[in-house]
Amino acid sequence: MPEYEHVEEHFQASDTVRDIVIGMSDGLTVPFALAAGLSGAVDSPVLVLAGGAAEIAAGSIAMGLGGYLAAKSDAEHYYSELKREYREVEEVPEREKDEVRDVFKAYDLKPEQIEAIVDKMAENPDKWVDFMMKFELGLEKPEKGRSLKSALTIALSYIVGGLIPLSPYFFVTRASQALLVSVLVTLVVLFIFGAVKGRFTGSNVWKSGLETVVIGGLAAAAAFGLARLLTK
């Protein structure tokens, strides 16, 4: 019989990819909605660009700061739990052994197999604690410098995303005309972004792309309609 090489294709969404998705999705949607809203109120590309630039600056800083604080909180939580696990392994080892047993009971192992694993694990406190962190608490050791990296990734992704819907206003003399170009460009980019995101996360690329377009389009339409209503 012919032999086939078995290749497992698993995508483990990294923290960096997650940060890019967070930054780009908001960067594409929020400035797009703002530009649409301003275009519904004024017909000056300069004013739209000024408002859009201010929003991108504020939004990227706010999003980056949020990413920094979130990553920092995750790291602080991890090391707090790590310290607690080391203390419990030293002070109440039998209770910790029972928790290891509970983990392996879910895999239908025989009692003697479980005891062998528990005894072996107890010989190395570092590996024991590492096991408890991963399988009892579901925590992974945070990457060094993760907080700053997350902040910069989210902020830069937000800026890149935000410049896309604003780009037509640099070249078109009327805001109403620039808005039409912005809508076409941004909706195409939103679809591509959503499809790529779906590819990475294992979702249907067409569904993911269309969902992203609908969300961005509705936000822009709501902002434009509200601006028109208030300026009549």
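**View 1. Leu-152 on helix α6.** Leu-152 lies in helix α6 of this predicted model; helices are DSSP runs of H or I with at least four residues, numbered from the N terminus. Leu-152 is partly exposed at a relative accessible area of 49% (buried is under 20%, exposed over 50%, partly exposed in between; 1.4 Å probe, protein chains only). Residues are numbered from 1 along each chain as its sequence is written, and side-chain values use heavy atoms, without hydrogens and water. Local features need pLDDT of at least 70 and side-chain atom pairs pLDDT 80 or more, while totals for chains, interfaces and linings use all residues.

**View 2. The nonpolar surface patch.** Leu-152 belongs to a patch with Leu-65, Tyr-68, Leu-69, Leu-148, Leu-156, Ile-159 and Leu-163, and together these residues have about 720 Å² of accessible area (Shrake-Rupley method). Patch residues have over 30% relative accessible area and no salt bridge, with nonpolar side chains joined within 5 Å; a salt bridge is a Lys or Arg side-chain nitrogen within 4 Å of an Asp or Glu carboxyl oxygen. Helices α2 (45–91) and α6 (146–166) each supply at least two residues, and α6 gives the largest share, five.

**View 3. Asp-19 on helix α1.** Asp-19, in helix α1 (residues 15–41), is buried, with a relative accessible area of 1%. Its side chain makes a polar contact of 3.0 Å with that of Ser-150 (N or O atoms within 3.5 Å, one able to donate a hydrogen and the other to accept it; residues adjacent in sequence count only if both atoms are side-chain atoms). Leaving aside residues up to four places away in sequence, Asp-19 touches Arg-146, Ser-150, Thr-153, Ile-154 and Ser-157 (heavy atoms within 4.5 Å).

Note on methods: Patches are made of residues with over 30% relative accessible area and no salt bridge: like charges are joined within 9 Å, nonpolar side chains (Val, Leu, Ile, Met, Phe, Trp, Tyr) within 5 Å. Accessible areas come from the Shrake-Rupley method with a 1.4 Å probe; for residues, only the protein chains shown count as cover.
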